[in-house]
Amino acid sequence: MQSPQTPADEKERLKTLHSLNILDTPPQERFDRLVRMAKRIFNVPIALVSLVDDKRQWFKACIGLDATETSRDISFCGHTILCRAPFIITDARKDLRFADNPLVTGPPHIVFYAGCPLHYGDGSAMGTLCIIDTRPRTLDDDELGLFKDLTHLTERELAATHLATLDELTGVVNRRGFLTLAEKALTLSARGHLSLVLAYFDLDSFKTINDDFGHEEGDLALKIFSQLMQRCFRESDIVARLGGDEFVVLLTNADETFARESISRFRSELDQYNRQANKQYNLTFSDGLASVTAENPLSIAEMLKQADEQMYHQKRNKAL
């Protein structure tokens, strides 16, 4: 058996894949519809939208299989993402690369495989649209054209899903994306007995910026604020705009002391920006924290509520 090689752009590819916020998410009709179409058009028992992660391939949509993922080492899709064109195996039992593959010798007994790489905007291959049969097959030119068309539709759905979790103005994760990522982080942290801290931020006097200098300047202030947040916090932390002038950061494997130090660095960066920008207003914020530990388990909703209340308490004290 030949395991798939690693793409030359693997580090960047995985970073893009993870930024889509789609791995381990519930089924979506937009992808389920595509695999149903593929199954019906090509008359195959199995059709998949597969995303190739670091050690596994995970099925965003699947028809004909009970599994939700398989090891990347034995995956056909791991080979497909190395290609620019469709990757087709007419009879895997006669192909030295796959003849002894457990997916061929055992369930689901793959014989025919056809996969098209799913590319994202930067050209990275995120995964595949693939069809599988338990008998030898080929695709004629018309079928190949249809297969490519379905692949382009799938790529567009991936892009649309990503955009739905991003804040259009700042480019950071929006509320929807944050809740999805935060739930995953909470589950993983509980499994690994790690602590989490949620930091809640609200810009001070943001309405005044809009009223005195216009909404265009207000939008610029939000962009600058989010850019500095991304610069000051770790890549592993989840930065999000919940709406308006409210932002959050979920710090993984961190305690409140570390979070306070991170916020202090962020405040210093913001002070430096204010001095250099020399605008008629300063960007400042109020903040609140909520933490999750083994002794203090909280849901994401409870963390948001607790940190929000602490933040508003700080804001009220500033107004006194």
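Predicted model: local features only at pLDDT ≥ 70, side-chain atom pairs only at ≥ 80, totals over all residues.

A: Residues are numbered from 1 along each chain as its sequence is written, and side-chain values use heavy atoms, with hydrogens and water left out.

Q: How many residues does α2 have, and how far does it reach?
A: Helix α2 (residues 29-42) has 14 residues and spans 20 Å from first C-alpha to last, close to the 20 Å expected at 1.5 Å a residue. Helices here are DSSP runs of H or I with at least four residues, strands are runs of E with at least two, and both are numbered from the N terminus. The expected span is 1.5 Å times one less than the number of residues.

Q: Which residues of α2 are buried?
A: Phe31, Asp32, Leu34, Val35, Ala38 and Phe42 are buried, meaning under 20% relative accessible area, with exposed being over 50% and partly exposed in between (1.4 Å probe, protein chains only). Seen down the axis, these residues fall within an arc of 160°, so they line one face of α2.

Q: What covers them?
A: The cover includes β1 (46-52), β2 (56-63), β6 (125-133) and α5 (141-163).

Q: Now α10: which residues are buried?
A: In α10 they are Ile300, Met303, Leu304, Ala307, Met311 and Lys315. They cover an arc of only 95° around the axis, which puts them on the same side of α10.

Q: And which are exposed on the other side?
A: Ala301, Lys305 and Arg316 are exposed there.

Methods
Arc of directions from axis to C-beta. Contact = heavy atoms within 4.5 Å.
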